[in-house]
Amino acid sequence: MATAATLDPDFVREVLECPICLETYNQEQLRPKLLQCGHTVCRQCLEKLLASTINGVRCPFCSKVSRMSSISQLADNLTVLKIIDCAGSGVAAAANLMCKSCRGRLPRRYCCDCGLVLCEACAGDSHRNQGHDVQTIRLAAEQRRRDLGGKLAALRDAMGDIQRKKAAIDSVSKSLRLKYKAVQQEYARAELRLQEELGRSRRAFSASMAEVEKLNAQILEEQTYLLNIAEVQVVSRCDYLTMRIKQADIALLEDASSNDEEELELKGQLPTILKLQDPELIKAEYPKALEVGQLTTKGCTVNTDEEDGQELAAAASAAVPVDLYRDIDMIAAVEDSVCSSPGSFKSKSVDGGGASAKTTVSGSSSGPQLCQFVKKMGCKGNLPGMFNLPVSICVTPQGEVLVADRGNYRIQIFNRKGFQREIRRNPSSIDNFVLSFLGADLPNLIPLSIAITPQGLIGVTDNYDNSVKVYTADGHCVACHKNQLIKPWGIAAMPSGQFVVSDVEGGKLWCLAVDRNMGVVNYNRLCSAVRPKFVTCDPSGTVYFTQGLGLNIENRQNEHHLEGGFSIGSVGTDGQLGKQLSHFFSETEDFRCITGMCVDANGDLLVTDSGRKEILQFPKEGGFNILIQEGLTCPVGVAVTQKGQLLVLDCWDHCVKVYTYLQRRRSSTC
């Protein structure tokens, strides 16, 4: 059930007050009377007018004469009487319109001490005489609005401060997790070193034991050999003596007298003392249990109000080095100039970067250089890897780069190794068949803007037939949408997989849901805007769009596609408008011709301004940075890769310019 709209107090006063004496109508002397012209006047004023005329009253508002001889001939204004009766009987809707004291007249004053709306009579009789602060209703209402506005602003500031502190805490938590990981890795490395030392000690001990065992074995083997020889000698002597014993008595005696047998000396030849190596283990005593390392902590103070600065701990950043994205990744150390080989589209390492760009931090202070020039890729032409008036650029999560090459009627796709493939209008469509049958030239794909979803669907706004086309990664067209679109221009991919399309002449933003097999399955209006042209989306689903018409005064050929916006708006997934960036985004800086936008991983908005020939950064916490000031002729697109490079599409230079891009980090002091 719809709620009743509140009535304008001025309108109520005009209905319930006599326009001549400005008194509130009642059932008696101030009874409302209808003149023949339709105007209403109280009975008291009508008697005064009738006293000065004969057989009629001239309306003081339209000058029409109402013929009558007495006031009783005029009808009452029953509508006004009904409202007065309701107010007198206590009906809430009508009683709220009357004075809170007498409930018979319209209020004109407000007592600040009592908090009541009063008529002139009640305000003077019982409130001014008591010294109360009595003001007009309009003045009191304005004062209340100012008070409520101040409280609302304070609450919004508090909410913004809470959100900033929450973001700072999240950043500190991430830094601490990196610190934990670095300490654990350092402990693992120390433990590994200790294990290696123990292994080396074990191997040395085993080698020493083997040497001792070998030496003792040699001694024992030598002595065993000598004993074996002695044993053989003893056995031989025993056999000889046994043979002698068995001889006859005479022969035994004769041999004994003729030969003096030598006695076998064995006792002096047998080994008695062996010099061996006796192994013994000497333990290394430790006063306490062996420890690889100990964890120590120190106090750490984090300032959540600071926006930029160094990381929580230098060790964490050292353990996880900053990746400067040394490729596009279309890398390999290539020729000095890509223009000399138009078929290649590769970049040099950051270590060989060129001139650095000037950086201006929000306000007038000059900060560190955030972006450094790395490489210019591409040149003018129609071969693979060349461009002719490129107008849009985007990067896939896999690192592929898509460029809308408007002058060559195609979309070029590059991977890590260089040029990969291109997308043109589908040659098998029925309109192409009819045109080719009639001998006419085939239509071209004239891309204005491109975007790619996490599912790999490529959305393109086509200037040829003012439509939105969706392609797969291999160039197959799966959808073509024109319904309710007048001049689609910008397109962006939402995290949910839907496309957001801006209709620059229709003044609307549309949300399209596309299925790979069924085409466009749903579309709905997201919001209305004034000439929305370029759009982008952040990871949370907030859509940023340009508004208005900004002109590049250096437009050489009066190219319509180089007209941009001069302010930026935002809208959530629920259609509620968010924060705005007006034409003058600071006291001394303004937009001139916005021709492209993107959002980095931190949620910061990057804007290309072809009028300023600069790349601007707007952190979500507020303020702005000028990332690139020099080296651009007509920037029309910008994209950030996952490896930390900034890709700027320069239309009049017919190339992509690569810069280093270090993401902002929250600061803390330890």
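Trainee: Let's start with Met 68. Leaving aside neighbours within four places in sequence, which residues is Met 68 in contact with?
Mentor: Contact here means heavy atoms within 4.5 Å. On that basis Met 68 is in contact with Leu 46, Leu 50, Asn 55, Gly 56, Val 57, Gln 73 and Leu 74.

Trainee: And apart from that, which other core is there?
Mentor: Apart from it lies another core, of 18 residues, and Phe 387, Val 395, Val 403 and Phe 414 are among them. A nonpolar core is a set of buried Ala, Val, Leu, Ile, Met, Phe, Trp, Tyr and Cys residues joined through side-chain atoms within 4.5 Å. Buried means under 20% relative accessible area, exposed over 50%, partly exposed in between, with a 1.4 Å probe and protein chains only.

Trainee: Back to Met 68. Which residues touch the most other members of the largest nonpolar core?
Mentor: Cys 18, Tyr 25, Leu 35, Cys 42, Leu 46 and Met 68, out of 19 residues in that core. Strand E2 (40–42), helix H2 (43–51) and helix H3 (78–89) are the elements that give two or more residues to this core. H2 gives the most, with three residues.

Trainee: How are helices and strands assigned?
Mentor: They are DSSP runs, numbered from the N terminus: helices are H or I with at least four residues, strands are E with at least two.

Trainee: What about the model itself?
Mentor: It is predicted: local features need pLDDT of at least 70, side-chain atom pairs count only at pLDDT 80 or more, and totals for chains, interfaces and linings use all residues. Residues are numbered from 1 along each chain as its sequence is written, and side-chain values use heavy atoms, with hydrogens and water left out.

Trainee: Overall numbers, then. How many helices and strands does the chain have?
Mentor: Nine helices and 30 strands. Buried residues make up 38% of the 670 residues. Of the contacts with a separation of 6 or more, 51% come from residues 24 or more positions apart.

Trainee: New topic. In what order do the strands E9, E10, E11 and E12 sit?
Mentor: The order is E9-E10-E11-E12, in an open sheet with antiparallel pairing. Strand E9 (390–395) and strand E12 (418–423) are the edges, and each pairs on one side only. Neighbouring strands in this sheet are turned by 20° against each other on average, direction ignored. The angles use axes that are lines fitted to C-alpha atoms, for helices over the stretch in contact, and run from 0 to 180 degrees between N-to-C directions.

Trainee: How many bridges join E9 to E10?
Mentor: Five, joining E9 to strand E10 (residues 401–405). Two strands pair if DSSP finds at least two bridges between them. Ile 393 stands opposite Val 403 in E10.

Trainee: Now E26. Is the strand mostly covered or open?
Mentor: Mostly covered: five of the five residues in strand E26 (residues 614–618) are buried. Glu 614, Leu 616 and Phe 618 are buried on one side, Ile 615 and Gln 617 on the other.

Trainee: What does E26 pair with?
Mentor: Strand E25 (residues 605–609) pairs with E26 in the antiparallel sense over five bridges. Thr 608 has Ile 615 as its bridge partner. Strand E27 (residues 625–628) is joined to E26 by three bridges, also antiparallel. There, Ile 628 is the bridge partner of Ile 615.

Trainee: Which residues take a positive phi in those hairpins?
Mentor: Lys 613, near 60°, in the hairpin of E25 and E26, with four residues between the strands. In the hairpin of E26 and E27, with six residues between the strands, Gly 622 has a positive phi near 120°.
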